[in-house]
Amino acid sequence: MMLRFLTRSLTATALVIVAASACHRGEGLDASKLPENIRADYDVFAHKCSKCHSLARPLTANITDDEQWVLYVNRMRRQPASGISYPDQEAILRFLRYYAADLRRIQAEKNGGAPVPAHSGQSPPVPSPPAPSAPPAAPAGTVDGGGT
Amino acid sequence: MRSARVLVVALATLLAALAALATPASAIERNFAGSAQLDYQFVPTARSAKANPSTFDGFTMEFAGKLAVDFSERVSANMKVCYGCHGFEADMMYFDVRVADELNFRVGRFSPSFGAFNLRHDPANHRLSDKPLAYDMGRMLRMRQWNQGVLPSPFPDNGLEVNGTKWLGTSVQFDYAAYAVSGFKADPKSLDIDFKQSRTPSAYYVDDNARPTFGGRMALTFKVGETSDLTLGLSGMYGTYDPNNEQSYAIIGGDATLRLDKTNIRAEYLGRRTEFSTSDRTVFKYVVADERGDFSMKHGAYLEVEQALTPDLDLLGRVDGMFRVGNVESASELSRRSSVFRYTLGTAYAIERGLRIKFSTELWEFSDRDALTGRKVELSMHTALAGSF
């Protein structure tokens with residue numbers, strides 16, 4: 001009886017997964033659709049941030065404020081055994097700033113108005129995702145943001 | 001009375017430090033996150049037991065909402081409320097006051113740092129429906145006979161924790177934590193910890209004795225490659241659980257987590273030594289030994305392999321078990337030496353961003369026969385939908 005149940009449950013599992021994969025969207029982002037210069041940063045983000053929680057957590061947090069990302073990632077870096085070093089944090093923040101800019105652009109398109117600033121009173125409107133040419137600087141007053 | 005005064009002074013000092021450190025942030029940042037899991041556990045071997053009260057054979061639902069607030073670069077607060085089999089509970093209600101990465105004060109209600117699994121205890125953060133047996137909080141078969149796991153997770157408690165993290169060079173991360181919390185509870189002359197007393201409204205925020213439970217954890221994480229790391233940790237906890245401070249418990253744990261690219265291998269051991277009262281020897285199933293007859297040992301361990309087959313599909317295998325040695329109460333179905341082993345095979349599939357479907361099959365081997373069915377071997381199957389945001 002045990003063997004029968006085991007076989008059935010494994011078969012059912014396989015069938016549901018096959019059925020689900022026909023209509024799935026997935027947990028993370030499709031890295032091949034990201035700009036080339038952001039892919040390595042996304043890989044660091046995807047690897048480090050999936051250690052303790054699903055990638056949906058940060059990707060659906062709807063955070064568009066760069067300063068909030070700095071505080072958020074700092075909090076995660078300080079988690080025990082996070083494995084997030086300062087260079088990792090820089091890479092993660094580079095991706096998240098790109099992602100936040102993309103969210104702001106989408107929100108602006110929806111609202112039909114000017115994009116939401118990166119963080120209050122600091123950045124000009126960002127019409128499209130910026131190229132992460134330089135390491136992210138910490139917002140004013142942030143002690144250890146950006147891994148510096 | 002004196003210890004209460006000391007506690008008040010300590011808290012006042014901490015609040016003053018908090019106020020002094022609270023450099024205003026440019027804006028108070030808030031982040032809300034949540035998760036939910038609906039699980040159906042099918043236990044074909046327990047069907048004949050007619051709703052066996054010590055086995056969930058049906059749906060369980062749990063959800064949690066968490067608010068993280070950064071008041072400044074140094075002060076943050078976390079509030080997490082869960083709803084599950086026990087109704088609403090406060091899983092987190094604490095402040096973090098950070099002097100530096102290496103020195104952080106946590107005060108309020110939180111799960112003290114113990115073991116590796118606790119960080120992932122939220123059902124959205126682990127890929128199987130069930131927690132490892134050593135951390136089980138009620139889904140295990142025969143949970144009442146076993147009085148759950150070694151240290152049911154989460155185990156929120158009220159107190160103070162000092163913790164920190166330090167990178168030694170670029171490839172080694174060192175973490176530590178030391179804490180004093182209320183500790184577990186039970187009635188006088190109990191034979192084991194009563195985990196319900198840690199969550200019942202009548203005793204929820206009140207310690208049952210005047211002595212805190214102390215504990216700590218140390219862990220080293222080695223970066224062994226760009227996408228690989230190894231964490232080794234040691235944890236310990238000691239306190240008394242009865243109102244008279246006569247019965248102690250000590251929990252030790254060791255854990256190793258290896259992440260090799262898309263493969264996670266996790267191993268963990270927990271052991272709890274629990275003293276009990278032998279003043280009434282008639283309540284025991286076995287004759288009480290004069291020497292070393294006043295405590296039980298409960299060991300729990302697991303080895304888990306999680307392999308990502310695609311970015312959205314994980315395959316998991318886990319072997320876990322518990323072994324208990326010591327006298328038991330006369331009505332118990334356990335023996336002086338009882339064991340349970342469980343073999344789990346499962347998958348988790350991300351249907352949508354933030355939504356996973358989980359399947360798992362578990363084969364159980366108990367050393368003792370079930371009183372109703374006479375079975376030693378049981379089978380259970382889980383199907384769950386877990387979401388996070």
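Let's start with Ser129(B) in this predicted model: it has 26 C-beta neighbours inside 10 Å, so it counts as buried, the cut-off being 20 or more. You'll find Ser129(B) in the loop that runs between strand S5 (103–110) and helix H2 (143–146) of chain B. Leaving out neighbours within four places in sequence, Ser129(B) is in contact with Asp39(B), Lys358(B), Ser360(B), His382(B) and Ala384(B). As for Met61(B), 68 residues separate it from Ser129(B) in sequence, while the C-alpha to C-alpha gap in space is 11 Å.

Now zoom out to chain B as a whole. Its secondary structure amounts to two helices and 16 strands. The radius of gyration is 22 Å, close to the 21 Å that the globule rule gives for 389 residues, so chain B is as compact as a globular protein of that length. Along the principal axes, its C-alpha trace spans about 65 × 60 × 40 Å. Of the 389 residues, 43% are buried. And if you take contacts between residues at least 6 apart in sequence, 60% of them link residues at least 24 apart.

On to the nonpolar cores. The largest has 28 residues, and the members touching the most others are Leu133(B), Ala134(B), Val150(B), Leu151(B), Ile251(B), Met322(B) and Val340(B). Strands S10 (248–260), S12 (295–310) and S15 (355–366) of chain B each give two or more residues to this core. Pick out Met322(B): setting aside residues up to four places away in sequence, its contacts include Leu133(B), Ala134(B), Trp146(B), Val150(B) and Val340(B), along with Lys298(B), His299(B) and Gly300(B). A second, separate core has 22 residues, among them Cys49(A), Leu71(A), Tyr72(A) and Ala101(A).

Key: Residues are numbered from 1 along each chain as its sequence is written. Chains are lettered from A and ligands numbered from 1 in the order in which they are written. This is a predicted model: local features need pLDDT of at least 70, side-chain atom pairs count only at pLDDT 80 or more; totals for chains, interfaces and linings use all residues. A nonpolar core is a set of buried Ala, Val, Leu, Ile, Met, Phe, Trp, Tyr and Cys residues joined through C-beta atoms within 7 Å. A residue is buried if 20 or more other C-beta atoms lie within 10 Å of its own, exposed if 12 or fewer, and partly exposed in between; C-beta atoms are placed from the backbone. Helices (H or I, at least four residues) and strands (E, at least two) are DSSP runs, numbered from the N terminus. Two residues are in contact if their C-beta atoms, placed from the backbone, lie within 7 Å. The radius of gyration is taken over C-alpha atoms; the globule rule is 2.2 Å times the number of residues to the power 0.38.
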